[in-house]
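Open the model in your viewer and keep the sequence beside it. The stops below say what to select and what is there.

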Amino acid sequence: MKKILFIEDESALQKTLGEILKQEGYQVIQALDGEVGLRLANPSAGGEKPDLILLDLVLPKVHGIDVLKNLKENEETKDIPVIVLTNLAEIKDVEKAIELGATTYLVKAEYKLEEVAEKIRKTLQE
Amino acid sequence: MSLKNIFAQLNIIGQCRKHGLSPWQCPQFLFFLMGIIIVCSTLVAYFVGTRYIEEPEWVALTVLLFALLLFIIAVIITRSFEKLAETNRMKSEFINIISHQLRSPLSNLKWTIELLMSGRLGKIEKDQVEYFGILKENSGRMEELVSDLLIVSRIEAATLPLKKEETLLEDLVNELISEFQLFAKASNVKIEFEIQKDLPKILTDPSQVHLVIENLLDNATRYIKNSGKVNILLKKRDKNLYFEIKDNGVGIPKKDQKYVFQKFFRSENVLRQQTQGSGLGLYISRAIIEKLGGKVGFKSQENEGSTFWFTLPLKS
């Protein structure tokens, strides 16, 4: 069973998207802030290496951009595909995330739930 | 401060653009202009003084007092414009923050409704679908409004992103007409599209132009009473592509026409006809077209209809 780490401080979003992913047969690990997210992504810190990370940018404790930077600088986590899922839609945020190694950048307000699930499926198949 | 920064500070027009202000609203430009006026007026006062006043002390004093007076006026005017610019900047920042904060709960709402309607959590009854539909439609309207506010804040901060690519405008128009067909049919409106043959592709931002045509088509269709017709024309005119949309709707009263492209403006007769709408569509449309190097305009007659048009350069 493929594991998805979902780093998102909005528990309602964790629940809706998480529900669909669970129904599709994925194991969803939830983190409500950047610090927990980093710990859960890193086997050396006691986490389980996920197959994919869904990452919000506006997060408590550690900002999403710093989480992404940290993940990509760490040998153990740098190869994990990261889909940024946020409502920040400024060009500078998109460019920064892609430059740091995000696989895809999705603005929540511009996508339907099923479309996001489809992007996740495709990324995991690649 | 590096040499590059000093030159950047001296570039007055650049500074004004950075803050999204026209020169006549920009404190730096106004201060520079007042400086020139003061120097010129001082020189004039000096020449007039030396010609009509005999004692040099009086000439010097007159010129000095005159320059001082002008300087005080310049400072007062510039300070008031500075306050205006600062208020404007704070307002845009406020809209930006609020819009971002509103987007998250709206996404939660939208996705929750979608999940419920998908039937993944269990079958929903037929009459429940109708009410979920109402929730979906209203959350969609709120999203559109927030999205419009975000665009406005980007326009005002001069950070509206443009992604230009080779675009066939004809495709955009056809796509939008088919999107609007259901709404038009429900409103008893017939949409007709006339196009000049073999129009070339142009280098423009398709998503922004899409937004402009969508706004114009929405207005044209929405403000037709009972039934009517919308005529769209696309052709080449001089060095531009010319888009025109004509309706036989409620039209715009003469007294309101000068406010049509202002933010949040909605004409009185339009408010009677249709209460929905933010009054941002035309403001956004004009800003986008002008940023893409084109022009926008309209003519209208109350109770007879309106014709809105825009141009986009064939080569940019």
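Start with the open sheet in chain B of this predicted model. Its 5 strands have the order 2-4-5-7-6, and the pairing is mixed. Select strand 2 (189-195) and strand 6 (295-301) of chain B: these stand at the edges, each with a single partner strand, so one side of each has no neighbour in the sheet. From one strand to the next, the twist averages 15 degrees.

To see one of the partners, pick B:Lys190, whose bridge partner in strand 4 of chain B is B:Lys229.

Then select helix 7 (residues 206-222) of chain B. How far apart are its end C-alpha atoms? They are 23 Å apart, which agrees with the 24 Å that 17 residues should span at 1.5 Å a residue. Of these 17 residues, 12 are buried, so helix 7 of chain B is largely enclosed by the rest of the structure. Colour the buried ones, among them B:Val209, B:Leu211, B:Ile213, B:Asn215 and B:Leu217.

Finish in chain A with A:Asp93, in helix 4 (residues 91-100) of chain A. Is A:Asp93 buried or exposed? Its relative accessible area is 14%, under the 20% cut-off, so A:Asp93 is buried. Leaving out residues up to four places away in sequence, A:Asp93 touches A:Leu88 and A:Tyr105.

Notes:
Residues are numbered from 1 along each chain as its sequence is written. Chains are lettered from A and ligands numbered from 1 in the order in which they are written. This is a predicted model: local features need pLDDT of at least 70, side-chain atom pairs count only at pLDDT 80 or more; totals for chains, interfaces and linings use all residues. Side-chain values use heavy atoms; hydrogens and water are left out. Helices (H or I, at least four residues) and strands (E, at least two) are DSSP runs, numbered from the N terminus. The expected span of a helix is 1.5 Å times one less than its number of residues. Buried means under 20% relative accessible area, exposed over 50%, partly exposed in between (1.4 Å probe, protein chains only). Contact means heavy atoms within 4.5 Å. Two strands pair if DSSP finds at least two bridges between them. Axes are lines fitted to C-alpha atoms, for helices over the stretch in contact, and angles run from 0 to 180 degrees between N-to-C directions.
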